[in-house]
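Keep the 3D view open and follow along strand by strand.

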Amino acid sequence: MYEGSYPHKRYKETIEFLRTHVPAPANILDLGVHNPLVTLLEKEGYSVSNTSGEDLDVDTSQVTASKAEVVTAFEIFEHLIAPFNVLRDIPANTLVASIPLRLWFAPAYKSATDPWDRHYHEFEDWQFDWLLEKAGWEIKARKKWTHPIKKIGIRPLLRYVTPRYYIVYAEKKNAL
C-alpha cells in the first residue's frame with residue numbers, strides 16, 4: 001500500500017477526518033477489536049488500544065478504566081442495543097465516532113453467517129446527534145459521504161448520491 005492509498009473509501013474518509021480534528025500523536029481507545037483500520041491509524045502515528053470484543057451493552061469496564069485521551073468508535077454503535085450506556089461511561093473528553101446511515105432503499109444489515117454481525121440500529125444523522133447529546137456530548141464537527149458500489153441497478157445508482165456514512169467529532173459537555 002503506497003502513501004495515501006486505502007483499501008476502502010471509508011478508511012480514507014475516516015483517517016482524513018481524524019487527522020483534521022485529532023492530530024497524531026494521540027492516545028486512543030478504539031471501541032471494538034483490533035482491525036485493519038487500527039493498523040492504518042498506528043501507521044499514521046496514533047497510539048491505539050482496543051476493547052476485547054466484550055458486549056459493550058452490558059460490560060463497559062474496559063472503557064471506564066481507560067486513560068486514553070480520545071475514544072474512537074468506527075461502525076460500532078449500530079451493533080449495540082443500548083449505545084447510550086457506553087457513551088455515558090466514556091471518561092475521555094474527546095470522541096470520534098462513525099456510523100452507517102439508514103438507507104431508505106435498503107433493509108438493515110444482517111450477516112447470514114455471523115450472529116454478532118448485525119445492525120440493531122441504523123441511525124439517521126439527527127438520531128445519532130440526539131443520542132450523543134443525551135449522553136453528554138457536544139458535536140463540534142460532522143461529515144457524511146457516499147459509498148458507491150460497482151454494480152448495475154437502481155440501488156447501486158442511489159448509493160452514488162445518498163450518503164451512507166456519518167462521522168462526528170464531539171467533546172464532553174462541561175469538561176474541565
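Predicted model: local features only at pLDDT ≥ 70, side-chain atom pairs only at ≥ 80, totals over all residues.

In which sense do β4 and β6 pair, and over how many bridges? The two strands pair in the antiparallel sense, over 7 bridges.

**The overall plan**

The protein has 6 helices and 6 strands. Starting at the N terminus, the elements follow the order α-β-α-β-α-β-α-β-α-β-α-β. Of the 176 residues in the protein, 45% are buried. Among contacts with a separation of 6 or more, 65% are between residues 24 or more positions apart. The protein exposes about 9700 Å², and carbon and sulfur atoms supply 54% of that area.

**How the strands pair**

| Strands | Sense | Bridges |
|---|---|---|
| β1 and β3 | parallel | 3 bridges |
| β3 and β4 | parallel | 5 bridges |
| β4 and β6 | antiparallel | 7 bridges |
| β5 and β6 | antiparallel | 9 bridges |

Leu-29 stands opposite Val-71 in β3, and Thr-72 has Val-96 in β4 as its bridge partner. From β3 the chain crosses through α4 to β4, and this β-α-β crossover is right-handed. Further on, Lys-144 stands opposite Tyr-166 in β6. β6 itself is mostly covered, with 7 of its 10 residues buried.

**A closer look at β3**

How many of the residues of β3 are buried? The count is 5 of 5, so this strand is mostly covered by the cut-off of under 20% relative accessible area. Side chains in a regular strand alternate between the two faces of the sheet. In β3, Val-70, Thr-72 and Phe-74 point one way, while Val-71 and Ala-73 point the other way, and all are buried.

Thr-72 deserves a stop of its own. This residue lies in strand β3. Thr-72 counts as buried because its relative accessible area is 0%. The side chain of Thr-72 makes a polar contact with the side chain of Asp-30, at 2.7 Å. Leaving aside neighbours within four places in sequence, Thr-72 is in contact with Leu-18, Ile-28, Leu-29, Asp-30, Leu-31 and Val-96.

Glu-75 is found in the loop between β3 and α4. Its phi is near 55°, a positive value in a residue other than glycine. Is Glu-75 buried or exposed? Glu-75 counts as buried because its relative accessibility is 11%.

**The nonpolar cores**

Which residues touch the most other members of the largest nonpolar core? They are Leu-31, Phe-77, Leu-87 and Phe-128, in a core of 28 residues. β3, α4, β4, α5, β5 and β6 each supply at least two residues of this core. To see what surrounds one of these residues, click on Leu-87: not counting residues up to four places away in sequence, Leu-87 touches Phe-77, Leu-95, Leu-131, Leu-132, Ala-135 and Trp-137. There is also a second, separate core of 21 residues, which includes Ile-15, Leu-18, Val-38 and Trp-145.

**Two loops worth a visit**

The loop between α1 and β1 is the place of Pro-25. A cis peptide bond joins Ala-24 and Pro-25, with omega at about 0°.

In the loop between β1 and α2 you will find Val-33. This residue is partly exposed because its relative accessible area is 45%. Which residues does Val-33 touch, not counting residues up to four places away in sequence? The answer is Asn-50, Thr-51, Ser-52 and Gly-53. With Ser-52, the C-alpha separation from Val-33 is 5.5 Å, although the two residues are 19 residues apart along the chain.

Conventions:
Residues numbered from 1 in each chain as written. Heavy atoms only, no water. Helix = DSSP H or I, 4+ residues; strand = E, 2+ residues; numbered from the N terminus. Buried < 20%, exposed > 50% of the residue type's maximum accessible area, 1.4 Å probe, protein only. Contact = heavy atoms within 4.5 Å. Core = buried A, V, L, I, M, F, W, Y, C linked by side-chain atoms within 4.5 Å. Pairing = 2+ DSSP bridges. Polar contact = N/O pair within 3.5 Å; in protein donor to acceptor, adjacent residues only side chain to side chain. Areas by Shrake-Rupley, 256 points an atom, 1.4 Å probe, with all protein chains shown as cover. Right-handed = clockwise from strand over helix to strand, strands pointing away.
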